[in-house]
Amino acid sequence: MKDSDIHEAMALLAEAVKSWPSPAVTIVSQREGNPFKVLVSCILSLRTQDRTTGPASERLFGLADTPGKMLSLSTDEIEQAIYPVGFYRNKAAQILDICSTLVDKYSGQVPGDLDELLTFKGVGRKTANLVLTLGFGKPAICVDTHVHRICNRWGYTSTKTPAETEFALRAKLPKKYWPVINDYLVTFGQNQCTPVSPRCSTCVLVPFCNRVGVTKSR
């Protein structure tokens, strides 16, 4: 994909993703734009499918929707609410640890700063950037496995890790696409440009895609 193709590619993506469900964390953000709920939903979503993340988030927020209220729950109560998300025991402990820090250091408010977010236990660049974009509406680029895979498959980037992809995109992706690149490519990656055997025969982006690393497609 040429750098100049990105505008047409993003326009096509914007239309294509309307046919598929939005990622679970995006749905949470669209309801309230609550940074705390976005942060917790991000944590629950790690290594967990959206069909599990969404209901688990709803069950947990039905019990507690602020850091202070969350601290009134026991680890066991949180575990039961979020099961069967991946690593639910570790995530329950992590959520309580983060809530304790939020209450003690930030008056119960999620900070809207990347470096501050990265100091929280278990919060990496993917989660921190997603909180900034979905929770605060700030310009940031969240790169997960879908964004990393697809940008390299297109030939728009040539990187080896999601972190490298994030910085490559920061250098070349027009800023107006920063907040939506993750939402678009997660949806696109789950439904069209899958990790194995992508659906190239029906893909609207075929004219722009270099199909780097694609050996088998549908």
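## Helix H7 and its neighbours

The buried residues of H7 pack against helix H3 (35-45), H4, helix H5 (67-70), H6 and helix H8 (114-117). Here a helix is a DSSP run of H or I with at least four residues, numbered from the N terminus, and packing is judged by contact, meaning heavy atoms within 4.5 Å. This is a predicted model, where local features need pLDDT of at least 70 and side-chain atom pairs count only at pLDDT 80 or more, while totals for chains, interfaces and linings use all residues. Residues are numbered from 1 along each chain as its sequence is written, and side-chain values use heavy atoms, with hydrogens and water left out.

Which residues of H7 are buried? They are Tyr88, Lys91, Ala92, Gln94, Ile95, Leu96, Ile98, Cys99, Leu102 and Tyr106. Buried means under 20% relative accessible area, exposed means over 50%, and partly exposed is in between (1.4 Å probe, protein chains only). H7 covers residues 88-106, and its 19 residues should span 27 Å at 1.5 Å a residue; that expected span is 1.5 Å times one less than the number of residues. The end C-alpha atoms of H7 are 25 Å apart, which agrees. Just after H7, serine 107 has a positive phi of about 55°.

## Where H4 meets H6

Two of those neighbours also touch each other: Ala56, Arg59, Leu60 and Leu63 in H4 meet Glu77, Ile78, Ala81 and Ile82 in H6. Sorted by type, the residues of this contact are six nonpolar, no polar and two charged. For this sorting, Ala, Val, Leu, Ile, Met, Phe, Trp, Tyr, Cys and Pro count as nonpolar, Asp, Glu, Lys and Arg as charged, and the others, Gly among them, as polar.

## Two residues to look up

Is asparagine 152 buried or exposed? Asparagine 152 counts as buried because its relative accessibility is 14%. You'll find asparagine 152 in helix H10 (residues 145-154). Leaving aside residues up to four places away in sequence, asparagine 152 touches Thr157, Ser158, Thr159, Thr165 and Val212.

Alanine 163 belongs to helix H11 (residues 162-172). With a relative accessibility of 36%, alanine 163 counts as partly exposed. Alanine 163 and lysine 126 are 37 residues apart in sequence, and their C-alpha atoms are 8.6 Å apart in space.

Key
Helices (H or I, at least four residues) and strands (E, at least two) are DSSP runs, numbered from the N terminus.
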